[in-house]
Amino acid sequence: MDEKLKNTGIGNSPSLLEMKNVTVVRSGKKILDSVSLKIEQGEHVAIIGPNGSGKSSLIKTLTKEYYPLAGAEGLVMKIMGKETWHVFDLRKLLGIVSGDLQQTYCRQIRVFDVILSGFFSSIGIYYNHKVTPEMESRAEEILEFLEIPHLAERLMCELSTGEARRVLIGRALIHDPQALILDEPANSLDLKAMHSFRESIRKIAGSGKNIILVTHNLQDVIPEISRIILIKEGKVFMDGKKEDILTDKNLSELFSLPVEVIRKNGYYQACS
Ligand SMILES: Nc1ncnc2c1ncn2[C@@H]1O[C@H](COP(=O)(O)OP(=O)(O)OP(=O)(O)O)[C@@H](O)[C@H]1O
């Protein structure tokens with residue numbers, strides 16, 4: 001892959017993300033409650049929590065869909081050291097793949113156009129989009145990187161869930177983002193599709209981008225992820241090294257039921 005896909009975290013560079021005392025209220029309910037965390041460039045992190053714990057809200061706050069409560073004491077919300085971002089620039093910095101996005105794309109769009117549409121933050125390619133030869137070669141490069149050039153002319157609505165998920169990763173990579181954010185990425189993938197998906201993510205992790213994985217499923221945690229943030233009831237419940245955090249005791253407390261954590265070949269699984 002070209003040098004553009006080989007970003008590396010640099011010692012003195014600003015943190016990818018810095019949050020202090022971030023509280024988000026929606027419909028009168030605190031969905032994030034004084035969240036403080038810092039993620040450095042190049043770090044691979046999994047944010048794990050039960051349904052409704054606030055994981056997606058955290059990502060929506062990061063992407064400026066939700067705003068922190070103004071005036072909270074000591075409030076900090078910085079991305080790459082900056083407090084103010086134009087949403088379009090933020091989308092270039094953070095590549096996002098979510099189940100919602102996959103539902104949006106379940107239509108008759110050519111895979112190559114799906115990848116290209118990442119340049120315009122649109123759902124497809126329209127008459128007012130000026131696609132340059134450079135954009136096309138970037139899209140081809142990404143298809144190669146993800147080992148899916150054979151899908152280029154297929155329609156999105158005819159792909160398997162696993163194939164479509166990889167195409168959406170391609171779309172998210174088009175701007176060469178600093179971080180790839182994956183919200184429940186392996187939902188509804190069968191064993192083989194999950195394996196191919198993980199291999200793609202591992203390859204991207206190896207290229208130096210931040211992988212921020214949001215999930216309630218321990219099996220999604222690829223070996224490259226070294227830090228785990230547990231979220232419960234809108235708060236950071238625990239934050240630390242993977243080996244220290246993914247224990248029977250911590251997961252039992254997180255999910256409020258007895259959980260046994262099994263580790264095999266660098267992957268984890270929770271049994272209840
Ligand atoms: N726009 C909103 N208005 C009202 N409540 C909301 C809104 N967005 C999220 N919530 C509530 O905030 C809580 C956290 O939701 P969120 O989607 O962040 O959880 P989650 O951890 O991602 O859950 P899941 O694993 O089920 O996707 C839930 O109780 C949800 O109903």
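This is a predicted model: local features need pLDDT of at least 70, side-chain atom pairs count only at pLDDT 80 or more; totals for chains, interfaces and linings use all residues.

Biologist: Fine. How do you know that β3 and β7 are paired?

Modeller: Two strands count as paired if there are at least two bridges between them. Strand β3, residues 44-48, and strand β7, residues 210-215, share five bridges, in the parallel sense, so they pass the cut-off. Within that pair, Ile47 sits opposite Val214 of β7.

Biologist: And what makes β5 and β6 a pair?

Modeller: Again there are five bridges, in the parallel sense, and at least two are needed. Here Ile96 stands opposite Ile181 in β6.

Biologist: What sheet do these strands belong to, and why is one side of β5 left without a neighbour?

Modeller: The order is β5-β6-β7-β3-β8-β9, six strands in an open sheet with mixed pairing. β5 (94-98) and β9 (235-241) are at the edges, and each has a single partner strand, so one side of each has no neighbour in the sheet. From one strand to the next, the twist averages 15°.

Biologist: How covered is β5, then?

Modeller: Mostly covered: four of its five residues are buried.

Biologist: Why is Gln178 called buried?

Modeller: The label needs 20 or more other C-beta atoms within 10 Å. Gln178 has 20 within 10 Å, so it is buried. You'll find Gln178 in the loop between α6 (161-173) and β6 (179-183). Gln178 and Leu90 are 88 residues apart in sequence, while their C-alpha atoms are 10 Å apart in space.

Biologist: What makes helix α1 mostly covered?

Modeller: Count its buried residues: six of the eight in α1 (residues 55-62). Those are Lys55, Ser56, Leu58, Ile59, Thr61 and Leu62. After α1 comes Lys64, which has a positive phi, near 70°.

Biologist: Which elements stand out around the ligand?

Modeller: The shell has 13 residues, and Arg26, Ile31, Asn51, Ser56 and Ser57 are the closest. β2 (29-39) and α1 are the elements that give two or more residues to it. The largest share, three residues, comes from α1.

Definitions and conventions. Residues are numbered from 1 along each chain as its sequence is written. Axes are lines fitted to C-alpha atoms, for helices over the stretch in contact, and angles run from 0 to 180 degrees between N-to-C directions. A residue is buried if 20 or more other C-beta atoms lie within 10 Å of its own, exposed if 12 or fewer, and partly exposed in between; C-beta atoms are placed from the backbone. A residue is near a molecule or strand if its C-beta atom, placed from the backbone, lies within 6 Å of it.
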